[in-house]
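Subject: Handover of a structure and notes on its contents

Dear colleague,

Please find below the structure that I am handing over to you. My notes on what was found in it follow.

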Amino acid sequence: MIYSVDVRIEAPVRDTEVTDRVADAVENVFPDAEPVHEDGTLVSETHSLDAFSDVLHEQEILDTARRVFLQNRTDEGFAFALKKQAALEGVVNFAVGEPDELGEIDVEVRVREPDVESFIDYVAPETDEGQPVDPVREYGDRFDPEDEAY
């Protein structure tokens, strides 16, 4: 699938936190992102959620991710928040309910091509008993921007 998305990732860095550890949390879940420190917040941009989708497949949380994405969908895209501590371990844990006192990793996805629902199907396909139904992409087929053929 050819798609065009802009992903903005923001994570607050509290006075009690080490900036590099917050950056590691972001990069563990979004390896294509390179956080930049701006006024107490790490800000990153990327144009792919393939690696993130692979984590969703590995953790077998496609249904949860899909539900979160669809609940937070707009005409232009969708947004979600992740717990920083889990991300530091490379684990996706969606932040719901009361905000964490250290803040969360906030992610905003703007979808230009295709439509929002088709992109959600790409990142977190529908499942039947935990297995993707008619997946648009195969798990692990992401491209590596470090690869010379890229």
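In these notes, a contact means heavy atoms within 4.5 Å. Of the contacts in the protein with a separation of 6 or more, 71% are between residues 24 or more positions apart.

Please bear in mind that this is a predicted model, in which local features need pLDDT of at least 70 and side-chain atom pairs count only at pLDDT 80 or more, while totals for chains, interfaces and linings use all residues. Residues are numbered from 1 along each chain as its sequence is written, and side-chain values use heavy atoms, with hydrogens and water left out.

Overall architecture

The protein has five helices and seven strands; helices (H or I, at least four residues) and strands (E, at least two) are DSSP runs, numbered from the N terminus. Along the sequence, their order is β-α-β-β-α-α-β-α-β-α-β-β. Of the 150 residues, 43% count as buried, where buried means under 20% relative accessible area, exposed over 50%, and partly exposed in between (1.4 Å probe, protein chains only).

How many residues of helix α2 (residues 50-59) are buried? Eight of its ten are, so the helix is mostly covered by the definition of buried. The buried residues are Asp50, Ala51, Phe52, Ser53, Asp54, Val55, Leu56 and His57. Among the elements that cover them are α1 (19-29), α3 (62-71) and β4 (77-83). Just after α2, Glu60 takes a positive phi of about 55 degrees.

Strand β4 is also mostly covered, with five of its seven residues buried. Strand β4 runs antiparallel to β5 (residues 104-113), and seven bridges join the two; strands pair if DSSP finds at least two bridges between them. Within this pairing, Phe78 has Val109 of β5 as its bridge partner.

Two individual residues

Asp6 lies in strand β1 (residues 4-12). Its side chain makes a polar contact with the side chain of His47, at 2.9 Å. A polar contact is a pair of N or O atoms within 3.5 Å; within protein, one must be able to donate a hydrogen and the other to accept it, and residues adjacent in sequence count only if both atoms are side-chain atoms. Leaving aside neighbours within four places in sequence, the contacts of Asp6 include Val109, the residue that pairs with Phe78.

Thr64 is found in helix α3. Why does Thr64 count as partly exposed? The reason is its relative accessibility of 32%.

Cavity and pocket

On a 1 Å grid over the protein atoms alone, a cavity is a set of points where a 1.4 Å probe fits but cannot get out, and a pocket is an open set with protein on both sides within 12 Å along at least five of seven lines; lining residues have an atom within 4 Å of a point. Grid points are joined across faces, edges and corners, and a volume is the space filled by probe spheres set on the points.

The structure holds one cavity of 30 Å³ or more, and the largest cavity has a volume of about 40 Å³. Helix α2 gives the most to its lining, with three residues. The lining includes Asp50, Ala51 and Phe52, which are among the buried residues of α2.

The largest pocket holds about 240 Å³ of space. Of its 13 lining residues, the closest to its centre are Glu17, Lys84, Gln85, Leu88 and Leu102. The elements that give two or more residues to this lining are α1 and α4 (84-88).

Yours sincerely
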